[in-house]
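I opened this notebook to record what I looked up in one structure. The entries follow the order in which I worked.

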Amino acid sequence: MKILVSLVSVLLLMAVTTTKNSTVSSNYLQSKNENSPLCNFFPANKLRFPIKNDGRQISRPQFRKILDAAESVYKPIFQSLGAGRFYIADRWNDDTVNACASIGAPCSKGSAAAGNSDRYVEIYGGLGRHPLMTAEGLMLVICHEIGHHIGGYPRYEKNTSVMATEGQSDYFASAKCMRLIYSALTPKTNENWAWANKNRIPQEVQKPCLNSFGNNVSAIYCMRSSLAGLSLAQVLGSLNGTDPRQLSFILKDKRVVETTFESHPKAQCRLDTYAAGAACTADPRIPFSATNPNQGACVNKMAPGARPSCWYKDSTGLAAR
């Protein structure tokens with residue numbers, strides 16, 4: 001059934017505000033070899049989706065609009081964090097089903113010039129054209145790749161790399177990035193309200209979002225992010241033959257890791273992470289710290305929004321139990 005929500009005036013500040021104890025800015029530039037990391041959204045795969053122009057795929061204008069919206073919001077945020085210049089590389093004609101984050105040059109360009117600290121997200125057209133992909137899902141992919149750059153703790157190589165892990169990038173995508181980007185659209189087009197009124201939103205998505213944010217536009221951001229996460233989990237599942245119907249907001253990944261899993265979690269675990277980030281009530285303008293798991297995050301395991309234990313294990317002693 002469609003959800004109808006009362007229109008309220010909401011305008012989130014687009015500049016990222018930092019707290020007095022924030023260590024995010026400087027830590028993003030500390031790495032043993034900061035020009036080396038390349039982070040793919042999916043594991044390497046042989047799926048390819050060429051351009052068909054049959055009306056069933058995300059169109060070229062839609063693809064470009066999504067990339068432009070994300071880049072316009074995050075260029076100044078990267079600058080404010082001291083994280084270098086930020087670019088989204090458009091690879092519409094490439095049939096590859098993937099996306100990539102890199103430093104110094106786009107992934108497809110290979111090695112970067114010495115000293116180049118520019119930050120890149122590269123999006124391939126084959127991913128956008130996947131039959132299970134939605135516009136919201138594609139935006140969440142971009143947010144995930146942005147998360148590798150500025151998603152904070154935990155980072156790869158036991159928190160010594162400059163890049164955030166896969167699970168943390170998923171968490172950043174729905175807890176921070178999607179909310180900031182969609183809040184930027186509201187004052188201009190009321191796009192979020194239109195989306196809510198034309199889409200069938202399952203009760204298992206409505207309930208946690210309304211519980212976290214009440215009957216207002218923040219609940220819509222939560223719902224859009226959650227359903228985007230379902231799209232991406234289904235795309236991920238298609239890479240290894242998982243039936244998309246096996247992925248659910250009701251069925252949770254029950255695994256409890258002994259140490260943080262740094263690589264790509266399984267599809268259900270990723271869906272759980274997207275849903276948790278979407279329901280997290282922490283201010284999206286407060287960035288995640290590169291060293292402190294509490295900053296800007298929801299850490300109470302008894303409440304919605306905490307990082308799922310199917311990939312995350314705090315090793316700092318700082319997170320709430």
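**Basis.** I worked with a predicted model, in which local features need pLDDT of at least 70 and side-chain atom pairs count only at pLDDT 80 or more, while totals for chains, interfaces and linings use all residues. Residues are numbered from 1 along each chain as its sequence is written, and side-chain values use heavy atoms, with hydrogens and water left out.

**Whole chain.** From the N terminus, I read their order as α-β-α-β-β-β-α-α-α-α-α-α-α-α. I noted that 56% of the 321 residues are buried (under 20% relative accessible area, with a 1.4 Å probe and protein chains only; exposed is over 50%, partly exposed in between). The accessible surface is about 13900 Å², and carbon and sulfur atoms hold 53% of it (Shrake-Rupley method, 1.4 Å probe; for residues, only the protein chains shown count as cover). Among contacts with a separation of 6 or more, 75% join residues 24 or more positions apart; contact means heavy atoms within 4.5 Å.

**Glu-122.** I located Glu-122 in strand E4, residues 119-124. The Glu-122 side chain lies 3.0 Å from the backbone nitrogen of Cys-107, and a polar contact of 3.1 Å links it to the side chain of Tyr-124. Leaving aside residues up to four places away in sequence, I found that Glu-122 touches residues including Ala-89, Arg-91 and Pro-106.

**Cys-209.** I placed Cys-209 in helix H8, residues 203-213. Cys-209 is also buried, because its relative accessibility is 0%. With residues up to four places away in sequence set aside, Cys-209 touches Gly-214, Ala-219, Cys-222, Met-223 and Ser-226. I noted 10.0 Å between the C-alpha atoms of Cys-209 and Arg-224, which are 15 residues apart along the chain.

**H2 and H4.** I recorded that helix H2 (residues 60-80) packs on helix H4 (residues 135-150) at about 30°, with the axes 10 Å apart. I therefore class H2 and H4 as roughly parallel (angles under 35 degrees). Residues making this contact include Phe-63 and Tyr-74 of H2 and Leu-138 and His-149 of H4.

Definitions and conventions. Helix = DSSP H or I, 4+ residues; strand = E, 2+ residues; numbered from the N terminus. Polar contact = N/O pair within 3.5 Å; in protein donor to acceptor, adjacent residues only side chain to side chain. Axes fitted to C-alpha atoms, helices over the stretch in contact; angles between N-to-C directions. Parallel < 35°, antiparallel > 145°, perpendicular 65-115°, else oblique.
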